[in-house]
Every structure is written in C-alpha cells, then in structure tokens.
Amino acid sequence: MVDRLANSEANNKRIGVVEGCFGTAGQPLAIPGRVLIGEGVLTKLCRKKPKARQFFLFNDILVYGNIVIQKKKYNKQHIIPLESVTIDTVADEGDLRNGWLIKTPTKSFAVYAATATEKSEWMSHIGKCVTDLLSKSGKAPSGEHAAVWVPDSEATICMRCLKVKFTPVSRRHHCRKCGFVVCGPCSDKKFLLPSQSSKPVRVCEFCYEQLSLGTGLHTGRPDPYGRSPGNNVSDDDDEDDSSD
C-alpha cells in the first residue's frame, strides 16, 4: 500500500501542504518514495509542562512542531529518522493517560494521545514503519537511546546530592546521561556523548565518574523519586526556557 502511494499525486499534494504549513523555516519534506502515513495532535511532555504538538508520521521519518494556527501554520520543526526509533508504552498516571516513549540515540521524550484507541493506532503505525525500514536496510534495531528527562516540576531538590533546594537563584539543570534534575555544583562537568552532540555536554558528577571509567553506566545511586533514570518524561534544552 505504501509503495503504491509513494509517487501518487494525492500523496505529493499532502506532503506539499505540510511543507507549506512550516514555511521557509522548515526543511523540505518531499523526496522520492516518501509517504505521509498520518498526522495528529499529541501532548508532548516538555521540560516545564505538557504541551500540544502537531505530529506527522511518514514512512521514514517522524516530524513535529509547535502549533501556531491549527492546520495552517507550525514552527520549530523537528525531524526524527524512524530507523533509530524505539517505542515503549507509559503507564497512566493522573491526568497523563494513553502515553508512550519515543526514544532515539539523540533525543527521547513521552507523548500522550487523547484516547487509548488513538495511542494504539499511533504505536502500531510507528512500529510497522520502523520494522519495514529495518527489514529493507538489513540494519539491527537501535540499542542506544538518550535518557528521558525528569520534568522540572517533579524535583524540588537536587536528585544527586539531595540537599540543594531549587530556587530562582539555584537553578535546575539536567544531566544528559541519566536525565536527572540536578544542581549546578552536581553538574559542573561536561563529557562528550557523540550520539547527542559534537561538543561535550552537561553531565552530573556521578555519570561523569562512570563515563570516565569507561563503564557508561548511569545507575547505581538511588533515585529519591522511586524510579530509574531513562524512564521519565521530558527533553527540553537545559539552557533554554522555551518548550523545545
């Protein structure tokens, strides 16, 4: 079915509409063989709070952006190659229901659908696209993914030293290796994580020690919030107060 749609006029028109919604700030999306599978609004759990984002699923990439005018204008386009994607379901918790993790070596985050049916359809279509891509390329599924950041709101004190309380002066930072919310003194070192950046990135003291020893581990110290690193939900840039 996807192969039949690849070069159809209807498919090309739909992709052209998406490109137009992102405007000149977005990257071109129309390439031979690319098919727009589906689209919809999902709630993305960002660093500060959950926010609505427009998602577009193609047969080889996942695209999302901020909604400026629904179905007319989007900005801050993000493109994720599906070959590197793995997905895991997220248990319902309070108002956050029907969610799953989208994990890649460079970025990982949680999204939530409006209904259980919508969640099932999204996960099914993403999974099939990833499987088809890997089957055609002969590549193995990605075994590495970036940590999912703990949201700011879930940490009132540093998750490493358990002493420093966060205030407007004592800012929150995120370790790029484990995703914990940590204070400045506990994250004053940087380490090169090639899958995430070409430059050294902020890591907490514990992860720095493990990385320096060559173990690459980011477990071993208890999480005061009763969960393990990499199973939480946020991903925004540590030095940017914007949503993505």
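Visitor: Leaving aside its neighbours within four places in sequence, which residues is K119 in contact with?
Guide: K119 touches T89, V90, N98, G99, W100 and A113, where contact means heavy atoms within 4.5 Å. Bear in mind that this is a predicted model, where local features need pLDDT of at least 70, side-chain atom pairs count only at pLDDT 80 or more, and totals for chains, interfaces and linings use all residues. Residues are numbered from 1 along each chain as its sequence is written, and side-chain values use heavy atoms, with hydrogens and water left out.

Visitor: Why is K119 called buried?
Guide: Buried means under 20% relative accessible area (exposed is over 50%, partly exposed in between; 1.4 Å probe, protein chains only). K119, which lies in helix α3, has 14%, so it counts as buried.

Visitor: Is R202 buried or exposed?
Guide: R202 sits in strand β11 (residues 201–203). At 18% relative accessibility, R202 is buried. Its side chain makes a polar contact of 3.4 Å with the side chain of H173.

Visitor: And why is V150 counted as buried?
Guide: Its relative accessibility is 0%, so it's on the buried side of the cut-off. V150 belongs to the loop between α3 (116–137) and β8 (173–174).

Visitor: How do you know that β3 and β4 pair?
Guide: Two strands pair if DSSP finds at least two bridges between them. β3 (residues 61–69) and β4 (residues 73–81) have 7, in the antiparallel sense. For one of the residues, Y64, the bridge partner in β4 is H78.

Visitor: What makes us say that the buried residues of α2 line one face?
Guide: Helix α2 (residues 9–22) buries N11, I15, V18, C21 and F22. Seen down the helix axis, they fall within an arc of 115 degrees (taken from the directions from the axis to the C-beta atoms), so they line one face. The face turned away from that buried side carries the exposed residues E9, A10, K13 and G20.

Definitions and conventions: Helices (H or I, at least four residues) and strands (E, at least two) are DSSP runs, numbered from the N terminus. A polar contact is a pair of N or O atoms within 3.5 Å; within protein, one must be able to donate a hydrogen and the other to accept it, and residues adjacent in sequence count only if both atoms are side-chain atoms.
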